[in-house]
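Take the model apart feature by feature. Start with the sheet, then turn to the backbone.

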Amino acid sequence: TLEVDIAKTVTKIKPTMFGLFFEDINFAADGGLYAEMVKNRSFEFDKPLMGWEQPNTKRSSLNKQSGVATPIKVSENKTNTNFCRVLINDPQGYALINEGFRGMGVKKDAKYNISLKAANHGNAIKKIIIQFIDKDKKVIGETSIVPTSDEWKNYSVQFTATQTEAKAKLKITFEGTGTIDLDMISLFPEDTWKNRKNGLRKDIVQLLYDMKPGFLRFPGGCIVEGRTLADRYQWKKSVGNVEDRKTMMNRWNVEFSHKQTPDYFQSFGLGFYEYFQLSEDIGATPLPILSCGMACQYNTGELAPITELDPYVQDALDLIEFANGSVDTAWGKLRSDMGHPKPFNLKLIGVGNEQWGPDYIERYKVFEKAIKSKYPNIAIVSGSGPSPSGEFFDYGMQELKKLNAKLIDEHYYESPKWFRENATRYDKYDRKGPKIFAGEYAAQSVSGANPNNRNNWECAFSEAAFMTGLERNAEVVNMTSYAPLMAHEEAWQWTPDMIWFNNLEAYGSANYYVQKLFSTNKGTDLLTITNDGKPLTGQNNLYASAVKDVNSKEVIVKLVNTSATPQEVTVDLKGGKLASKGTVITLTSPNLNDENTFAQPKKISPTETEYKLKGEKAQLNLGAYSVTVLKLRME
Ligand code: AHR
């Protein structure tokens, strides 16, 4: 029997309690959330024609190549350095084809917007023909552009796909012979999230929106740090005109890859403005994380000397101005010019991703001083290094405590067993010390960055067990997020991941549904739930937490049974009157290895049934390996 005192609030639950951690890993941005379908649209990859094929460039009857595309470098210093010069000798025999991000997902009757820049030398080319082709090279959508100028000019046109195809390609052919220069060949579905032109994939954002996330952390992860300082994420390069955002190699290019991804670059089409906008759209508090002058310690570990930290600190100050400054400030004006005159209401900023040791603390102090003196109301999120324990972790925690750090980011990727055994992790954390942001965690079925890690049910319910511990400790744990957030079926570097997608579909893993259950039932006030006066933290393989929601007037009890057999539980709810009708939401699956897949995307997903309360005590039969949420209305 468990006891819940409805009348006694332990603490208020922060609206940020359950949120999202977004990193451009596993093709999450380009090739994923950012709906651009053309890979290497502006010929800026290290190999400028990567992603582009030129079949039929063989010699034609004129004994010449039928055509050839040559990348031209304009200037090293420009942001959009390259364009593509196409010479067409025999229009019948030449095509330029973009392969997309592991193909292009096109849907029958859906509309697509293509845009490009062209300079038509002497107006020799009469027409640019644009087609979708399926995997058998059959045309499944077609349009054309008449290039009317020998100067650079923008063209755009819409066309419709006639067939659904997961592996379509974009084929460009020409009428006429001569030379034409092309750049920024870009293709988006018309149907994007909120119908924004050249926006985000609707199905993926919907999955995020449905979670009612408390915050959105971006843009990572290791990607914040870069392998070297030169290729750290620099937010200023990700705002303004899309074509002026300099393409860069992604830090997850090749390395750690089960399937090599040498074609992993960042176009920054999804940049900081879009991240802020996305946060606003899904009702999440934005949490940008910036480089603290330390490159990824798993790579070069390069350090910016303290005396040269100014540009890094300035980036943080300017970002706050970009997000919150009036339109009379330089960065506030840019935000307004980009379409958002109102501030984004930034309240949190992260300094460094997963850095550790004295080098981090030394740099953190510089940032802290600068940010606090100019923006005292902005809370800083600091890192604790790779958690869950160890010499560097302990050092960081102690030092940050001395500095009165507000929020410390802990990361842990551990076994399901570890998660079950560590539901008490925060029980002993100092209530008066820094608050905790469990910023990256996931149960790994194998371990480490191993390609065999699965999003299986054992991992998911073990996380749920652990999460009752996060919730029970809401006094100290103010923010939490699973990581990584998403992965392309054919282009990932890290498993497990909460959401899986291909070019046509996306689904939530079992872990997604666990996160969603907690996030959409987070309540407003933490209650105690005890068994013989003690919290339920794994006794008899049972875990529990309880909250109430003063807005919806509900008591919400979360129960996790990690054993292979069902268990009867009685919840004695005291201190308030409850309606007799309630709801029980159950998430369960019979086998530890069960998973959601593209074929069965909702195999493990919640089911909701009516609950009848008889008296003050709720009787529940918790199925084997199950997560249960009981919701009862307060009268
Ligand atoms: O989530 C994957 C990686 O794990 C993140 O980029 C990094 O912060 C952590 O080491």
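The dialogue below covers a sheet, its helices and some backbone geometry.

Q: What should I know before reading?
A: This is a predicted model: local features need pLDDT of at least 70, side-chain atom pairs count only at pLDDT 80 or more, and totals for chains, interfaces and linings use all residues. Residues are numbered from 1 along each chain as its sequence is written.

Q: What is the strand order in the open sheet of seven strands?
A: Strands of a sheet pair through backbone hydrogen bonds, either parallel or antiparallel. Here the order is β2-β27-β30-β31-β36-β33-β34, with antiparallel pairing. Strands (E, at least two residues) and helices (H or I, at least four) are DSSP runs, numbered from the N terminus. Two strands pair if DSSP finds at least two bridges between them.

Q: Which strands are at the edges?
A: β2 (11–12) and β34 (607–612), each pairing on one side only. β2 joins β27 (525–527) over two bridges. K12 stands opposite D525 in β27.

Q: Which strands does helix α9 touch?
A: Contact means C-beta atoms, placed from the backbone, within 7 Å. Helix α9 (457–472) touches β30, β31 and β36.

Q: What is phi at N40?
A: Near 60 degrees, a positive value in a residue other than glycine. N40 lies in the loop between β3 and β4.

Methods. Two residues are in contact if their C-beta atoms, placed from the backbone, lie within 7 Å. Axes are lines fitted to C-alpha atoms, for helices over the stretch in contact, and angles run from 0 to 180 degrees between N-to-C directions.
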